[in-house]
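These entries record what I looked up on strand pairing and helix packing. I begin with the strands and end with the helices.

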Amino acid sequence: MGTRSLLNRRLTGMGTTIFVEMSALAVATGSINLGQGFPDTDGPHEIAQVAASAVLAGRGNQYPPGPGIPELRTAIAEHQQRFYGLTYDPDTEVLVTAGATEALAAALLALLEPGDEVIAFEPFYDSYAACIAMAGATRVPLTLRAPSFRPDLDELRSLITPRTRLLLLNTPHNPTGTVLTPEEVAVIAELAVEHDLLVITDEVYEHLVFAGTHHPLAALPGMRERTVAISSAGKTFSFTGWKVGWVTATPELVAAVRTAKQYLTFVSAGPFQYAVAEALRLPDTYFADFRADLHRKRDLLSAGLTAAGFRVFEPQGTYFITTDITPLGERDGLDFCRSLPERCGVVAIPNVVFYDNTDAGRSHVRFTFCKQDAVLERAIERLAGLQGR
């Protein structure tokens, strides 16, 4: 095989993800895992029952239609109209994917070519960097800086070059919890139109906004025809293992994304698609109660982390809290997270792995609060004595 590396050079440095490493460390040490963002309770029982019934009735056990089952595509279109007043044709403007991760991968692979530049908020979810690299494009970070983590829109304007093809936006933003304001969204839309840019929006936390309101970019003038909006069922309905996501966009954009997507998974999650179709039609009270419950959990963990000596940056959305460890006398988040399980039996994620500009996130650590109250309370108790260890 010679001396050439087995791994495609575009993926150099992108070995095992931090989530695999830290989750394995949680198991090995018996620690409370507040690192990876998955709930420790299932979503609504009646939705799980729809999935079980679909399996037993033979609905979706064989390959579903490539774009997704009609019932789910219709439900997704209804959801966009119900919450945002956005109208999509379920037959030509909706595509079901294997979670939002596949939707992002398919969109980036479809829309980018070598030499293109992609501007993305950093810290960014690690799959962004990998998918941009696999497409042969170049990521250009717009750093969200503590303590506010607001995007510098003048800097965004300065980053746009003739090679800029696409803006990759995540709001509500993981891991900082930033929710874009109407004013920020308006400026971003104006820049996209002015420079004729495509936009991919990762909106998986759209129903977890604690301060402000989620404002889809596609709703702004000139953005409907250039925006690929992505979301999924995992975060909203607490069925992360089902991996049901979707894309909404113009027929031309959906056709492009579908071309790449068909060579990734082709299709997936047949029976679960029927269940997610029902979930999207749950009453408004479900979404309000879900948000209120996570809001309360955010406040519980936030207070515990503050008492333990962390500097807490209160998130406006998502189910993550970013903290600064420098008040604890620490400087390196990666070293801190690797030692934390042995020190007090809790696992967190170092934000530095989500940055190109590593100095901006070196001392930041992310905790998730999408866990049962008793689990959060035990974690808080363990972290309380951290300064003495």
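Entry 1. I looked up strand E10 (residues 320-324) in this predicted model. I found that E10 pairs with strand E13 (residues 364-368) in the antiparallel sense, over 5 bridges. Aspartate 324 has histidine 364 in E13 as its bridge partner. I then traced the sheet, which is open, has 4 strands in the order E9-E10-E13-E12 and shows antiparallel pairing. Strand E9 (311-313) and strand E12 (349-350) are the edge strands, each pairing on one side only.

Entry 2. I turned to strand E7 (residues 227-232). I noted that 6 of its 6 residues are buried, so E7 is largely enclosed by the rest of the structure. In a regular strand, side chains alternate between the two faces of the sheet. In E7, I recorded Thr227, Ala229 and Ser231 pointing one way and Val228, Ile230 and Ser232 the other way.

Entry 3. I checked the partners of E7. Strand E6 (residues 198-202) runs parallel to E7 and is joined to it by 4 bridges; valine 199 has threonine 227 in E7 as its bridge partner.

Entry 4. I examined helix H11 (residues 284-308) and helix H14 (residues 373-384), whose axes come within 9 Å and cross at roughly 10 degrees. Angles under 35 degrees count as roughly parallel, so I class H11 as roughly parallel to H14. By class, their contact has 8 nonpolar, 1 polar and 4 charged residues. Among them are Arg296, Leu300 and Gly304 in H11 and Asp373, Leu376 and Ile380 in H14.

Terms used
Residues numbered from 1 in each chain as written. Predicted model: local features only at pLDDT ≥ 70, side-chain atom pairs only at ≥ 80, totals over all residues. Heavy atoms only, no water. Axes fitted to C-alpha atoms, helices over the stretch in contact; angles between N-to-C directions. Helix = DSSP H or I, 4+ residues; strand = E, 2+ residues; numbered from the N terminus. Parallel < 35°, antiparallel > 145°, perpendicular 65-115°, else oblique. Contact = heavy atoms within 4.5 Å. Nonpolar A, V, L, I, M, F, W, Y, C, P; charged D, E, K, R; others polar. Pairing = 2+ DSSP bridges. Buried < 20%, exposed > 50% of the residue type's maximum accessible area, 1.4 Å probe, protein only.
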